[in-house]
Amino acid sequence: MNNQKQQKPTLSGQRFKTRKRDEKERFDPTQFQDCIIQGLSETGTDLEAVAKFLDASGAKLDYRRYAETLFDILVAGGMLAPGGTLADDMMRTNVCVFAAQEDLETMQAFAQVFNKLIRRYKYLEKGFEDEVKKLLLFLKGFSESERNKLAMLTGVLLANGTLNASILNSLYNENLVKEGVSAAFAVKLFKSWINEKDINAVAASLRKVSMDNRLMELFPANKQSVEHFTKYFTEAGLKELSEYVRNQQTIGARKELQKELQEQMSRGDPFKDIILYVKEEMKKNNIPEPVVIGIVWASVMSTVEWNKKEELVAEQAIKHLKQYSPLLAAFTTQGQSELTLLLKIQEYCYDNIHFMKAFQKIVVLFYKAEVLSEEPILKWYKDAHVAKGKSVFLEQMKKFVEWLKNAEEESESEAEEGD
């Protein structure tokens, strides 16, 4: 028996084709940094040349692996240590955001560099968002000028869609908020963002990531009020942002008021308690009476399961609304509130088809219950109504309006006789 191990056959003279993707050189972060900085030193501050260099370098440098290093260099000039400082023993470049001029035009030009790079290498999108989130957490480690440049750049990138508004979450970091860094940064950021777009576009982006109701968190808890936010941002030249936040707060307060109102009605709370609560909310949230009467009307109408038969719903509505007349009357102390209520009734009767014939009956009930007075009713009839079902409702109201006019004329002639 042959104890010698048989030699395995070998392949000789065979050449394996190397795939193109395997030809990329393997770098560690330091070598990668040196390579990028060397290239930037050759381009100088010509940002067109910088964009071309970055475009070409992506074919041989591993951007996917070293995205963080790449963006550190483009923003700060070199690799950042935790906290946002540049290591002393590392190479650095002046071809970066932090070494550039502190003006919006320069930051717009840098935004184009990032834009082109990420459009060319789509896989860098996530890495860039992570980088910006990190940079925002490092804000305390940067100088005021560096923070201003980063804020302007971020605003432009949010406006052109390179960044998602969710990156703003980093600004709610407790230490940044406490020391006022977040609010100051937000001023520069929103100025450049609104300069590129408008407040409506900014609001839409914030809404998309549920950030529209969180802007007051840029301040410490003891300063999270509409008054403080409005004063701070208005003085900083961002009146439109202040008004947006005030409106958001008002909308939130109105929704909360309607929800609580419906719950109180469902529980059968006394009207005097409900009225007191609503008046306190009006004062606290600066909600005008014409807005409140709309909320009260909607709440009153939502507490009932309405009959679907037209001939029965009018009787049901009159019975229900008669009960709630004292509550409604508490919030029609102004002519504009009465007119608002009339329009709400008109819209409701039109939108709920089985109420079409009930409109006049509801108005007459409210007139008798002193929820509505003749002047707003006559104004509504003459020119203050809306288009919804107007021919039907004006016809319904014709006789009652004539009666009101005659009653008004009689009272005027009696007053003249008395004089």
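1. The eight residues in question are L168, L171, Y172, A186, L189, F190, L215 and L218. They line a space of about 40 Å³.

2. A quick word on what you're looking at: this is a predicted model, where local features need pLDDT of at least 70 and side-chain atom pairs count only at pLDDT 80 or more, while totals for chains, interfaces and linings use all residues. Residues are numbered from 1 along each chain as its sequence is written, and side-chain values use heavy atoms, with hydrogens and water left out.

3. Now the cavities as a set. Rolling a probe the size of a water molecule over the atoms shows where empty space is left. Here a 1 Å grid is laid over the protein atoms alone; a cavity is a set of points where a 1.4 Å probe fits but cannot get out, a pocket is an open set with protein on both sides within 12 Å along at least five of seven lines, and lining residues have an atom within 4 Å of a point. Grid points are joined across faces, edges and corners, and a volume is the space filled by probe spheres set on the points. How many cavities of 30 Å³ or more does the structure hold? There are two. The largest cavity has about 60 Å³ of space, and its lining is D212, N213, R214, L215, M216, V245, Q248 and Q249. By class, that lining has three nonpolar, three polar and two charged residues.

4. Next, the largest pocket, with about 320 Å³ of space. The elements giving two or more residues to its lining are α10 (226–235), α11 (239–267) and α12 (271–285). (Helices, H or I with at least four residues, and strands, E with at least two, are DSSP runs numbered from the N terminus.) Which of them gives the most to the lining? That's α11, with eight residues. In total 16 residues line the pocket, and V226, Q249, T250, K284 and N285 lie nearest its centre. The classes here are three nonpolar, seven polar and six charged.

5. Have a look at W193, which sits in helix α8 (residues 181–196). Is W193 buried or exposed? It counts as buried because its relative accessibility is 1%; the cut-offs are under 20% relative accessible area for buried, over 50% for exposed, and partly exposed in between (1.4 Å probe, protein chains only). Leaving aside neighbours within four places in sequence, W193 is in contact (heavy atoms within 4.5 Å) with G155, L158, A159, A165, L168, V202, S205 and L206.

6. S299 belongs to helix α13 (residues 289–302). With a relative accessible area of 0%, S299 is buried. Its side chain reaches the backbone oxygen of I295 at 2.8 Å. Not counting residues up to four places away in sequence, S299 touches Q258, L261, Q262 and M265.

7. Two backbone angles are worth checking. Most residues other than glycine have a negative phi. N286, not a glycine, has a positive phi of about 55°, and E370 has a positive phi near 60°. N286 is in the loop between α12 and α13, and E370 is in the loop between α16 (359–368) and α17 (374–384). Both count as exposed, N286 at 61% relative accessibility and E370 at 66%.

8. Last, the cysteines. A disulfide is a covalent bond between the sulfur atoms of two cysteines, and the test used is a pair of cysteine sulfur atoms within 2.5 Å. By that rule, the count is zero. For C35, the nearest cysteine sulfur is that of C96, 18 Å away. C35 counts as partly exposed, at 30% relative accessibility, whereas C349 is buried, at 0%.

Note on methods
Nonpolar A, V, L, I, M, F, W, Y, C, P; charged D, E, K, R; others polar. Polar contact = N/O pair within 3.5 Å; in protein donor to acceptor, adjacent residues only side chain to side chain.
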